[in-house]
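Take a look at the model below. Some questions about its strands and one of its chains follow.

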Amino acid sequence: MNLDATDRAILNRMQDDLPLTTHPYAAIAAELGISESELLNRLTRMKDERVITRFGPFFDAAAMGGAFCLCAMAVPPGNFETVLTKVNAHAEVAHNYERTHRLNMWFVLATETPEGIEATADAIERETGIEVLRFPKLQEFFIGFRVAA
Amino acid sequence: MIDAKDREIIEALQGGLPLVPAPYAQIAADLGIDEDALLHRMSDLKSRGVIRRIAAAPNHYKLGMTSNGMTVWDVEDDRVTELGTQIGALPFVTHCYERPRALPDWPYNLFAMVHGADRNEVEEKRAEITAILGDACRAKDILYSTRILKKTGLRLKTKG
């Protein structure tokens, strides 16, 4: 999908926080100098085309008493799809990427309790027979998720 | 911590915010509560850090940022905070964390995500990180992502 300058301005703005007001899109549209309906149409199109993978609140599992953990597995290439199906079947797997390394599957577990991390990782080990390495964050140095569109 | 009402709200919102003029009114109607009550609750969840922000997650690939490298570094423990802060402040680093090593397989304790239009651009950025870390870095690697296998964000389990 081709993105024009307006789409890019929208994408850059929408990576920042949306106000908690009754008509949040109208407020953003006014900032950008377009109408509310144009903003909604463009957002809908970008979501349909998957330029925007998700739009809405980002939750912090840790603030709810839960936890996040980055995990990695060395999956034999011949079994990759079978293992992937088993791993992704867990609702706790929030996102998952294939990467260029012997440790070729990297996913984030988001669970409602700290114990949920160990329980889910252990379950994946049992189901796949592959060790799940766990890399919980010790320190976070920046929360700059923005990419310039 | 969250109570049962918060939980209902989180469940109603985890699929995303509707793209309609009054999205909170729609969610509130689904939950059978007032829009004001919903906004009040959400504001409270935000002040407690349960909601970090309400925003779009862009697809880096569709934005032409087709090369996505997880750079990893083995940095001396007593310098990781100072150096991690410097790396995290670089404009092209989107996430930067200290994580435990998994020896002997995995000697790396500093992770920094770098995105670019192609691998050359990512390598140029990675070289900047190498220069900053200098002698404090004992080993390094980069893992490019080759496929998004899942991207759903947090999902609460529906309790029966």
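Q: In β5(B), which residue is the bridge partner of Glu98(A)?
A: This is a predicted model: local features need pLDDT of at least 70, side-chain atom pairs count only at pLDDT 80 or more, and totals for chains, interfaces and linings use all residues. Residues are numbered from 1 along each chain as its sequence is written, with chains lettered from A and ligands numbered from 1 in the order in which they are written. β3(A) and β5(B), residues 137-151 of chain B, pair in the antiparallel sense over 5 bridges; strands are DSSP runs of E, at least two residues, numbered from the N terminus, and two strands pair if DSSP finds at least two bridges between them. There, the partner of Glu98(A) is Arg147(B).

Q: Which residue in β4(A) stands opposite Val93(A)?
A: β3(A) also pairs with β4(A), residues 105-111, in the antiparallel sense over 5 bridges. The two strands form a hairpin with 5 residues between them. Opposite Val93(A) stands Leu109(A).

Q: How many of the 7 residues of β3(A) are buried?
A: Buried means 20 or more other C-beta atoms, placed from the backbone, within 10 Å of the residue's own. β3(A), residues 93-99, is largely enclosed by the rest of the structure, because its buried residues number 5 of the 7.

Q: What percentage of the residues of chain B count as buried?
A: The C-alpha atoms of chain B fill a box of roughly 60 × 35 × 30 Å along the principal axes. Of its 160 residues, the share that count as buried is 32%.

Terms used
Buried ≥ 20, exposed ≤ 12 C-beta atoms within 10 Å, placed from the backbone. Helix = DSSP H or I, 4+ residues; strand = E, 2+ residues; numbered from the N terminus.
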